[in-house]
Amino acid sequence: MATWVGTDRVNKLVTPTVDTLIYTANDCIGTLIEVTHTGGAVDGPVVESGGSGRITRATLYDKSSQIHTHTIQAYIFRTNPTSSTFTDQAAFAIDDADLTKCEAVITFDIANGGEFGSSSANQMIQRSNLNIPYEASVESLYVVFKADGSTPTFAASSDLSMRLMFERD
């Protein structure tokens, strides 16, 4: 069992490797990412094995300024969806065996209540006050991104990132 030091809040930054060619609507953006322990007692794992918590905030960062006109979804899984294959630039599909492993879907678009910010070079959209409960069978959650009905084009392979704020129970 992990020993927690300090706060029960943890934030994690996940950055998929994205393609620089235009995405087709409903494509995977990047591949499956494991959100896990990154070191340090305060940072710690997302949750103790078999534990639970809440996702309280999610912020999507876009260095290519695509999110103001495109909808991007983040699918959060409680355990590795091993029956599904998530390939960058391929159709997004969750296998029936993995459907109940999906804990949440976070939609990032201006019309969906996100707080939007931009500069001349980049953009971000934040979803606050989410209060999404989760449970995990291991000390990790899993994330995959989807171009939801839109066709974004990123300038570099590291142009998209998401920061998740967790409160562990």
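Six bridges join strand 4 to strand 5, and the two run antiparallel. Two strands count as paired if DSSP finds at least two bridges between them, and strands (E, at least two residues) and helices (H or I, at least four) are DSSP runs numbered from the N terminus. The model is a predicted one: local features need pLDDT of at least 70, side-chain atom pairs count only at pLDDT 80 or more, and totals for chains, interfaces and linings use all residues. Residues are numbered from 1 along each chain as its sequence is written, and side-chain values use heavy atoms, with hydrogens and water left out.

### Exercise 1

Work out how strand 4 pairs and how its two faces are covered.

Step 1. Start with the partners. Besides strand 5, strand 4 pairs with strand 9 in the antiparallel sense, over six bridges.

Step 2. Y75 stands opposite V105 in strand 5 and opposite V144 in strand 9.

Step 3. Check the burial, where buried means under 20% relative accessible area, exposed over 50%, and partly exposed in between (1.4 Å probe, protein chains only). Six of the six residues of strand 4 are buried.

Step 4. Sort them by face. In a regular strand the side chains alternate between the two faces of the sheet. Here I72, A74 and I76 lie on one side, Q73, Y75 and F77 on the other, and all are buried.

### Exercise 2

Step 1. Look around F145. Setting aside neighbours within four places in sequence, F145 is in contact (heavy atoms within 4.5 Å) with residues including V14, I29, I33, L60, I72, A74 and M162.

### Exercise 3

Count the salt bridges and describe the setting of three of them.

Step 1. Apply the rule: a side-chain nitrogen of Lys or Arg within 4 Å of a carboxyl oxygen of Asp or Glu. The count comes to four.

Step 2. Take R54 and E167, whose closest N and O atoms are 3.2 Å apart. R54 lies in strand 3 (residues 52-62) and E167 in strand 10 (residues 160-168), so this pair ties together parts that are 113 residues apart in sequence. R54 is partly exposed, at 25% relative accessibility.

Step 3. Move to E103 and R78, at 3.6 Å between the closest N and O atoms. E103 belongs to strand 5 (residues 102-108) and R78 to the loop between strand 4 (72-77) and strand 5, 25 residues apart. E103 is partly exposed at 23%, and R78 is partly exposed at 25%.

Step 4. Finish with D98 and K101, which meet at 3.0 Å, N to O. D98 is buried at 0%, and K101 also counts as buried, at 17%.
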